[in-house]
Amino acid sequence: KLDIDQPSVEGALVQQLIESTRTYGPLVDEFFYEHHVLGVMEHYGWAHTWFLAGEKSSETFADSYELFSGLRESGIRAHSWI
């Protein structure tokens, strides 16, 4: 499960997972990720999390669907976690 509450760190780790999967095949069987994106969840704690982290995500739900679809297509059972 990935939930560091710092979008730049989480994004870098997810990109590393994607790149290593392209190179070596799936190294992770199952992946739970609280992908912090703009939208309704901002009003339920994410905006406060971003304030504490000193940065805000610029990604949307559409970006999240694309990310999770790509992970699943690469062989990783990826699940959104809220």
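Two residues are taken to be in contact when heavy atoms of one lie within 4.5 Å of heavy atoms of the other. The structure described here is a predicted model. With neighbours within four places in sequence set aside, Leu71 is in contact with Leu17, Ile18, Phe31, Ile76 and Ala78. Leu71 belongs to helix H3. Its relative accessibility is 2%, and because buried means under 20%, Leu71 counts as buried. Between the C-alpha atoms of Leu71 and Glu34 the distance is 14 Å, while 37 residues separate the two in sequence.

Helix H3 covers residues 61-73. Ser64, Leu67, Phe68 and Leu71 are the buried residues of H3. These residues lie on the same side of H3, because they cover an arc of only 90° around the axis. The other side of H3 carries the exposed residues Ala62, Tyr65, Glu66 and Glu73. Among the elements that cover the buried residues of H3 are H1, E1 and strand E2 (77-80). Just after H3 comes Gly75, which has a positive phi of about 105°.

Helix H1 covers residues 7-24. The distance from the first C-alpha of H1 to its last is 25 Å, close to the 26 Å expected for its 18 residues at 1.5 Å a residue. Buried residues in H1 are Pro7, Glu10, Val14, Leu17, Ile18, Ser20 and Thr21. Two of these, Leu17 and Ile18, are also among the contacts of Leu71. The cover over the buried residues of H1 includes strand E1 (30-33), helix H2 (46-53) and H3. Gly25 follows H1 and has a positive phi, near 90°.

The largest pocket holds about 260 Å³ of space. It is lined by 14 residues, of which Gly11, Gln15, His35, Glu59 and Leu67 are the closest to its centre. Helices H1 and H3 are the elements that give two or more residues to this lining. H1 supplies the largest share, 5 residues. By type, the lining of the largest pocket consists of 4 nonpolar, 6 polar and 4 charged residues. Leu67, one of the residues closest to the pocket centre, is also one of the buried residues of H3.

Definitions and conventions: Residues numbered from 1 in each chain as written. Predicted model: local features only at pLDDT ≥ 70, side-chain atom pairs only at ≥ 80, totals over all residues. Heavy atoms only, no water. 1 Å grid on protein atoms, 1.4 Å probe; cavity = no way out; pocket = protein on both sides within 12 Å on 5 of 7 lines; lining within 4 Å. Points joined across faces, edges and corners; volume = space filled by probe spheres on them. Helix = DSSP H or I, 4+ residues; strand = E, 2+ residues; numbered from the N terminus. Nonpolar A, V, L, I, M, F, W, Y, C, P; charged D, E, K, R; others polar. Expected span 1.5 Å × (residues − 1). Buried < 20%, exposed > 50% of the residue type's maximum accessible area, 1.4 Å probe, protein only. Arc of directions from axis to C-beta.
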